[in-house]
Amino acid sequence: MADTFSAFHRVLSFAGISIFKETNWNSKFWFTVQIFNFIIGLLCFLFTSGFVISSSSDLLLFIQGACIWTTGVIMTITLGICLVFRIQFRDFLTEMAFRDAALDIPIVDYIFNVNNGKKMMQLKKLVVESQKDLLNYTSLLLKIYVTGVWLCATLYLCSPIYSMLVSEDKSLRLLAFDMWFPWSLADIKVYTLSFIFHAYAGYLCCVAYPGLQSTIILLVGQIIRQLRILNFILQHLNELVLEVNQRKDEKWQKSCTTVLSQCVEHYVKIKRFSNRLNVICRPFYLALILVAIILVCMCSVKIAISDKLSPDTIKYYVHEICFIFVVLMFCLLGQQVDDECASLELAVTEKWYIFNRAHKQNVRIFKMALSQRMPIYIFGTITLSLPTFTWFIKTGMSFFTLVMSVLEEQ
């Protein structure tokens, strides 16, 4: 657990985001660094917007600039969310990541103090291994994502350097990212500082994107994990309580109803957590989907009209793949939450007929609550799900077809 959180802190601390730091996480130093990086992100957004606006008369240059502009939009939103909601994200991590919230369920806490019973041991194994797997997977995902974004930023930075080295024009001044600056780059010192700004902004993306998105994936992954634990308890409610009580009697009936009440209470807690997280992340989800559609379209157009295997084109492949991968990950998470809620809705009625009338009444009420599910809304009634990912790909390709038809007519 400590290794995973250390990996997150190493990545996010570059941007001044200290929510994974064990102590003194909300110090003035970290707050100042975070504000500084947000200003850098805001400047990137302004400079890339200026380039896109100034290049509106040249469609090819406009497309090239739009690839960088979309990235700047997401980076600025990411840094802004981390700055404004840093306390809330720290609270989310304290509630669901730094400690195992499954232990708040009394029967789960009980099984860690006993070493007998087949179903109890299975539940104990599920709690321990699911926590370990989630932390390992998110840590691995963070490292893969950082590597991919770092490769993309490095390709963008190396492309102008290579072009200037092979060019015969020694006065040529090229930059890594398409930005409009209100100053001339003729002076070598001004150009050097501008290029350093580019490099810093590029590698800032390498921590802003993977850091926030992997943190959200960790938190949503915990929601999925908690639902799976509840699913197991409700599916094997009869056997679990029997292993505790040793025989079926009136006490067994009361214990089953008590455990059901514990599951209801924990489900309500998870749903409230999910709703609070979604309120903060919804603008990010919406911006990510819309910006990713534009970026996928623009990168596809740039690849289509360029030499497919040239060094300059490879960066667009990596750029596009990174964004598609991120959208797919979030849509898969949203779909998984919905699937787990559907499984839980079925599990709550498992062997309902063997319980008494009071228990059956509680089952009916809980089933009605579960029918509402835990949708992760993007906008209106649109949720993060696999159908949304299909819509994302179709819309991106339709946009791509439209832009290509405009280019062919010119």
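Me: How much space lies in the largest cavity?

Reply: In this predicted model, the largest cavity holds about 240 Å³ of space, and the structure has four cavities of 30 Å³ or more.

Me: Which residues are the closest to the centre of the largest cavity, and which element gives the most to its lining?

Reply: Of the 21 residues that line the largest cavity, T71, F177, C205, Y209 and H319 are the closest to its centre, while α6 gives the most to the lining, with five residues. By class, this lining has 16 nonpolar, five polar and no charged residues.

Me: Why is α6 called roughly antiparallel to α7?

Reply: Helix α6 (residues 118-166) and helix α7 (residues 188-235) pack at an angle of about 165°, with their axes 9 Å apart. Angles over 145 degrees count as roughly antiparallel, and about 165° is over that cut-off, which means that α6 is roughly antiparallel to α7. Between α6 and α7, the contact is formed by 29 nonpolar, 12 polar and three charged residues.

Me: What is the make-up of residues 29-53, which UniProt lists under "transmembrane region"?

Reply: The unreviewed UniProt entry includes residues 29-53 among the spans under that name, and in the model this span is 100% helix and 0% strand, with its end C-alpha atoms 36 Å apart. Residues 374-393, also listed in that entry, are 40% helix and 25% strand, with end C-alpha atoms 24 Å apart.

Technical notes:
Residues are numbered from 1 along each chain as its sequence is written. This is a predicted model: local features need pLDDT of at least 70, side-chain atom pairs count only at pLDDT 80 or more; totals for chains, interfaces and linings use all residues. Side-chain values use heavy atoms; hydrogens and water are left out. Axes are lines fitted to C-alpha atoms, for helices over the stretch in contact, and angles run from 0 to 180 degrees between N-to-C directions. Helices (H or I, at least four residues) and strands (E, at least two) are DSSP runs, numbered from the N terminus. Angles under 35 degrees count as roughly parallel, over 145 as roughly antiparallel, 65 to 115 as roughly perpendicular and the rest as oblique. Ala, Val, Leu, Ile, Met, Phe, Trp, Tyr, Cys and Pro count as nonpolar, Asp, Glu, Lys and Arg as charged, and the others, Gly among them, as polar. UniProt positions are given in the numbering used here, feature names are shortened, and annotations may be inferred rather than shown by experiment. On a 1 Å grid over the protein atoms alone, a cavity is a set of points where a 1.4 Å probe fits but cannot get out, and a pocket is an open set with protein on both sides within 12 Å along at least five of seven lines; lining residues have an atom within 4 Å of a point. Grid points are joined across faces, edges and corners, and a volume is the space filled by probe spheres set on the points.
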